[in-house]
Amino acid sequence: QVQLVESGGGLVQAGGSLRLSCAASGSIFRVDAMGWYRQGPGKQRELVATITSGGYTNYADSVKGRFTISRDNAKNTVYLQMNNLKPEDTAVYYCNANVRISRFRGPNEYWGQGTQVTVSS
């Protein structure tokens, strides 16, 4: 069993910063790509940023230059540093990870429970 536990959400004023963390734990052989997604009020879930185990990153256009994704492979943890936050960044942020529980099996996809980020104007 694999669990993703997120932390770091909260309420912040526009222009402020927050840092999200997500730690994967359980029966893990290796964690492949990890990422963050978000779902705003009345919207579909959308990609925010992803990072491979080798450190290659990908960002949604709406967050480029403001958000930075990083990871600590030794801790199976992914981070999202969010700067210059805007009211439209308000959403529930979900951690995503592709986890291998064995060298003989392909990765399975896991999701965290989500953490609320609210940006006031």
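Two strands count as paired if DSSP finds at least two bridges between them. With that in hand, let us look at several close-ups of this predicted model.

**View 1. Strand 1 and strand 3 run side by side in the antiparallel sense.** Strand 1 and strand 3 are joined over six bridges, and their pairing is antiparallel. As a landmark for this view, find Gln3, which sits opposite Ser25 of strand 3.

**View 2. An open sheet of four strands has the order 1-3-8-7.** The pairing within this sheet is antiparallel. Strand 1 and strand 7 form the edges, and each has a single partner strand, so one side of each lacks a neighbour in the sheet. On average, neighbouring strands here are turned by 15° against each other, direction ignored.

**View 3. The largest nonpolar core gathers 29 residues.** Good places to start are Trp36, Leu80, Met82 and Tyr93, which touch the most other members of this core. Two or more residues each come from strand 1 (2–7), strand 3 (18–26), strand 4, strand 5 (46–51), strand 7 (67–72), strand 8, strand 9 and strand 11 (115–120). Strand 9 provides the largest share, with five residues.

**View 4. Met82 is shown with its contacts from elsewhere in the sequence.** Here we set aside neighbours within four places in sequence; the residues in contact with Met82 are then Gly16, Ser17, Leu18, Leu20, Arg66, Phe67, Tyr93 and Val117.

**View 5. Arg38 and Asp89 form a salt bridge between distant parts of the chain.** Their side chains meet at 3.0 Å, N to O. Arg38 lies in strand 4 (residues 30–39), while Asp89 belongs to the loop between strand 8 (77–82) and strand 9 (91–100), and the two are 51 residues apart.

View 6. Arg30 and Asp32 meet through their side chains at 3.0 Å, N to O. Arg30 is partly exposed, at 41% relative accessibility, whereas Asp32 is buried, with a relative accessible area of 13%. In the other salt bridge, the side chains of Asp61 and Lys64 come together at 3.1 Å, N to O. Asp61 is exposed, with a relative accessible area of 65%, and Lys64 is partly exposed at 49%.

View 7. Asn96 is a residue of strand 9, and it is buried, with a relative accessible area of 3%. The side chains of Asn96 and Glu109 are joined by a polar contact of 2.9 Å.

Definitions and conventions
Residues numbered from 1 in each chain as written. Predicted model: local features only at pLDDT ≥ 70, side-chain atom pairs only at ≥ 80, totals over all residues. Heavy atoms only, no water. Salt bridge = Lys/Arg side-chain N within 4 Å of Asp/Glu carboxyl O. Buried < 20%, exposed > 50% of the residue type's maximum accessible area, 1.4 Å probe, protein only. Core = buried A, V, L, I, M, F, W, Y, C linked by side-chain atoms within 4.5 Å. Contact = heavy atoms within 4.5 Å. Polar contact = N/O pair within 3.5 Å; in protein donor to acceptor, adjacent residues only side chain to side chain. Axes fitted to C-alpha atoms, helices over the stretch in contact; angles between N-to-C directions.
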